[in-house]
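Hi,

Here is the structure I promised to pass on. Have a look, and my notes on its aromatic rings follow below.

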Amino acid sequence: EETKNNPMTLFVQPKIVTPPTIDFLMKQSEKLHSYLFRHVCFGDPIAASYIHCYLLSKLFKRENGGFIGQLPVGPLHVGLQGLLPEDVTLIEERLKPLVGNLVKVTIEEQSLNQQQWAPKYDEGQSKLLGGHLQLPANTCFLVDETKFLGGKLTEKALRNVDALRQILIEGMLNYEYVFNTSVRIPTSLSALYLMGTTKPFIGNNVITLPIRKRLEPPQKIPEDSFFNTIRVYLEYVKYHHPFSLLGNDGETLGNYLTQQFQTRRERNGAQDYTDEDYGRDILIGRYLAMSKVLPSLNPEVYQQATFMEAARRDRLK
């Protein structure tokens with residue numbers, strides 16, 4: 001499922017010697033949410049919840065090498081809308097202490113036209129050159145679109161755009177070899193998409209939230225010791241905590257979710273509550289349940305997820 005079986009990428013599986021207690025993990029979850037609220041998300045509690053979910057995102061299942069659909073079993077791509085370039089700098093700096101590896105790509109004319117994002121064979125050097133998107137599976141991957149003002153895109157830029165689209169939508173990255181041959185390599189990256197007032201340039205499966213800036217983030221962040229225990233929480237919950245979406249009583253929860261879907265369709269209409277909306281509700285519910293260190297989704301957490309998604313959709317109107 002992960003790229004750990006792919007010899008052309010790096011994957012380091014975190015190891016937990018002694019499992020943390022549920023009480024410890026819950027305290028770290030609350031501490032992380034508070035940090036995201038105050039230091040990263042400008043006092044926007046819904047944005048903090050989405051970033052919390054993003055930090056736990058991973059690929060759960062593949063079929064024929066690619067994602068199954070776009071939502072419930074694939075990585076979570078979150079977009080924050082309404083940011084300035086300096087906001088992106090702040091978010092990048094304040095996420096770094098939480099994650100082991102953070103990489104940012106910038107969507108703007110110069111970087112798209114000059115950089116090489118996907119691995120490509122160089123005939124002059126007679127070797128395969130690496131690309132910026134050749135990343136470990138557990139990378140915190142930021143996409144900065146706040147500087148994109150349009151412009152003329154070269155053939156290389158269009159290849160870069162296509163490479164990013166492959167990662168976000170298909171979970172694949174093309175390795176271009178000699179004689180115009182290529183190999184599609186599976187990836188499992190989740191993207192945090194940071195943009196201005198426009199819609200995402202690439203990928204309609206980015207869950208976009210217009211941010212509401214309510215607080216000025218503190219000038220200083222906590223000492224590194226503050227982040228040590230949060231990193232244990234993220235590592236354990238993401239990679240080691242046993243989680244099953246429907247749990248032991250899958251039929252009961254499955255019936256409940258189906259009933260909720262039918263009720264919302266009857267109340268809102270098929271155009272205002274689509275299959276994709278339902279899929280997003282379940283996807284956010286999955287990560288909310290994980291963030292609370294639960295063994296599975298339950299009706300209470302699912303209702304919280306539907307509230308988050310309804311609030312997000314209202315902001316987009």
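Which charged end sits over the ring of Phe 226? That would be Lys 31, 4.7 Å from the ring centre. Lys 213 does likewise with Phe 42, lying over the face at 5.2 Å from the ring centre. (A charge sits over a ring if NZ of Lys or CZ of Arg is within 6 Å of the ring centre and within 35 degrees of the ring normal.)

Before you read on: this is a predicted model, where local features need pLDDT of at least 70 and side-chain atom pairs count only at pLDDT 80 or more, while totals for chains, interfaces and linings use all residues. Residues are numbered from 1 along each chain as its sequence is written, and side-chain values use heavy atoms, leaving out hydrogens and water.

Searching the whole structure turned up six aromatic pairs (ring centres of Phe, Tyr or Trp, the latter by its six-membered ring, within 6.5 Å; planes under 30 degrees apart are stacked, over 60 edge-to-face, the rest tilted). One of them is tilted: Tyr 35 with Phe 226, 6.0 Å centre to centre and 50° between the planes. This pair links helix α1 (residues 22-40) to helix α6 (residues 224-239), with Tyr 35 and Phe 226 191 residues apart. (Helices are DSSP runs of H or I, at least four residues, numbered from the N terminus.) Tyr 35 is buried at 2% relative accessible area, whereas Phe 226 is partly exposed at 22% (buried is under 20%, exposed over 50%, partly exposed in between, with a 1.4 Å probe and protein chains only). Ring pairs also bring Phe 227 into a cluster with Tyr 35 and Phe 226.

Cheers

Key:
Helices (H or I, at least four residues) and strands (E, at least two) are DSSP runs, numbered from the N terminus.
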